[in-house]
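Hello,

Here is the structure I promised to pass on. My notes follow below it.

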Amino acid sequence: MARDVNRLGIVGTGVMGAGIAQIAAQAGLNVVLFDKNEGAAKKARDGLKATFDKLVGKGKISRQSAEVAMSHLSVVESLSALADCDLVIEAIVENLGIKQALFAELEAIVARECILATNTSSLSVTSIAASLICPERVAGFHFFNPVPLMKVIEVIGGIDTDEAVVDTLLKLASRIGHTGVRAQDTPGFIVNHAGRAYSTEGLKILEERVAPTEDIDRILREEAGFRMGPLELFDLTGLDVSHPAMEAIFTQFYHDPRYRPSYISRQMLKGNRLGRKTGVGFYRYEKGQKVDVPTPQPVPDITDLPPVWVGCDDADLYTHVASLLASLGGRVEQTDSPSEEALCLLLPFGDDAVSASAYFGTDPERTLCLDALMGLERHRTLMVTPVTRHKMRDAAHALLASDGTRVTVIRDSVGFVSQRVLTAVVNLACDIAQREIATPTDIDNAVRLGLNYPHGPLAWGDALGPKRLLGILRRIHALTGDPRYRPSPWLRRRATLGVSLLHQSSGAR
């Protein structure tokens, strides 16, 4: 049964510890701050006073609320002063030995009923608790930075964790205004695990030189709806953080190709091109702002457009695209095969342009492909074959950009950019559900809130169509032979049955 937590101890008062203290104090908990570095806890409390004053000045909270929150914050000089806490959260360095030593020391100080929680983002909760006398009272309570704004907390039970401990932490998460999600003690938990698809697939597309950095990011922002592209996100986080995390999860899953890192980020890490913190990463920065970013591809100036023949196996999609082209002034050929002068515009899912051209029987020199997975309202991605004539490329670009919608032309690639990344994101979320690391609902909540994706990945998969996504993965897998694209059983079974990706299995007896 979940218990109430009223007195909270926090060990480690850096950015994370102070953020946790802020929301806990605002929720009415009595918060006790300790840091082994002399003066650090007091500095954190002073910083929180400045934060509250700023919030008052912006009208976010009242002066009375700020004063009440500050009255709930106290600083202590020794661990022994945490003896009467209901819960102690550590937010110290990500080092297994140091965390184990701290928890052993705390176990000798606090009461038997006190919960010991770790804010670890990458270490095994089971390993942290393994040497304790009472490992059942240890759990992960993983916040995200900045704590007040990132409204999700992963609650992780180790092998020996008492369910009542997990329930208590989930209840506390709700009390402090966050969404608690229950996760199994596996590498990356939910959020850092699920985030591998977006980051590693973005790097894989860059490795293949499908498009330059800025075009990859632009497509995924404007077309797919992500707040940041994967490469600019690496620059924000810093490759000194992101690349080791990728390597750690790859290693912990015994080199499963699904999590394979990239030699590009490894080389950049070695060259100290870490991102914003060093002034150069995938982009260059001055005073934290991007500089020298290439402009989007200019729209060609074309006056004489060829007729357009559309190749598509989906009748409804064909009608939609043909109508769009006609509204843009295109002359659409309504014939079984293209004329000798026609621009051949194909709408494949999972194929590269060469394979699509062979399938539809078109001249590859006159062929381009259009990505229709995400609709064609916000952004349009065109893909050429290795031999597409410049005249045909420019004509397709000019026609599709004639209503002011941005068009990006990329080189030949299985699944364009958006198809590859979105199917990877959904497929990995399906694997997490298949492993029962978390419930489908908790997976979607954790990823949406922890990674700021436009939608939870499973609900997003439902909106895009599980059968279509399964077909894309099967085609990419067949063309590349790379097992990173193998479809998850969770996706395959639900697509076959025609049920939601959020549907949980009926339990076996």
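In what order do the 8 strands of the open sheet run? The order is β3-β2-β1-β4-β5-β6-β7-β8, with mixed pairing. Strands pair here if DSSP finds at least two bridges between them. β3 (73-75) and β8 (179-184) are the edge strands; each has a single partner, so one side of each lacks a neighbour in the sheet. From one strand to the next, the twist averages 25°. Inside the sheet, β4 (residues 87-90) and β5 (residues 115-118) run parallel, joined by 4 bridges. E90 sits opposite T118 in β5.

Two notes on provenance. This is a predicted model: local features need pLDDT of at least 70, side-chain atom pairs count only at pLDDT 80 or more, and totals for chains, interfaces and linings use all residues. Residues are numbered from 1 along each chain as its sequence is written, and side-chain values use heavy atoms, leaving out hydrogens and water.

Now the helices. α16 (residues 440-451) packs on α17 (residues 457-464) at about 100°, axes 7 Å apart. That makes α16 roughly perpendicular to α17 (65 to 115 degrees). P440, I443, D444 and V447 of α16 meet P457, L458 and A459 of α17 (contact means heavy atoms within 4.5 Å).

In α9 (residues 230-237), P230, L231, E232, F234 and D235 are buried, meaning under 20% relative accessible area with a 1.4 Å probe, protein chains only. These buried residues pack against α7 (191-207), α8 (213-222), α10 (239-252), β9 (284-286) and β10 (289-291). G238 follows α9, with a positive phi near 100°.

Best wishes

Note on methods. Axes are lines fitted to C-alpha atoms, for helices over the stretch in contact, and angles run from 0 to 180 degrees between N-to-C directions. Helices (H or I, at least four residues) and strands (E, at least two) are DSSP runs, numbered from the N terminus. Angles under 35 degrees count as roughly parallel, over 145 as roughly antiparallel, 65 to 115 as roughly perpendicular and the rest as oblique. Buried means under 20% relative accessible area, exposed over 50%, partly exposed in between (1.4 Å probe, protein chains only).
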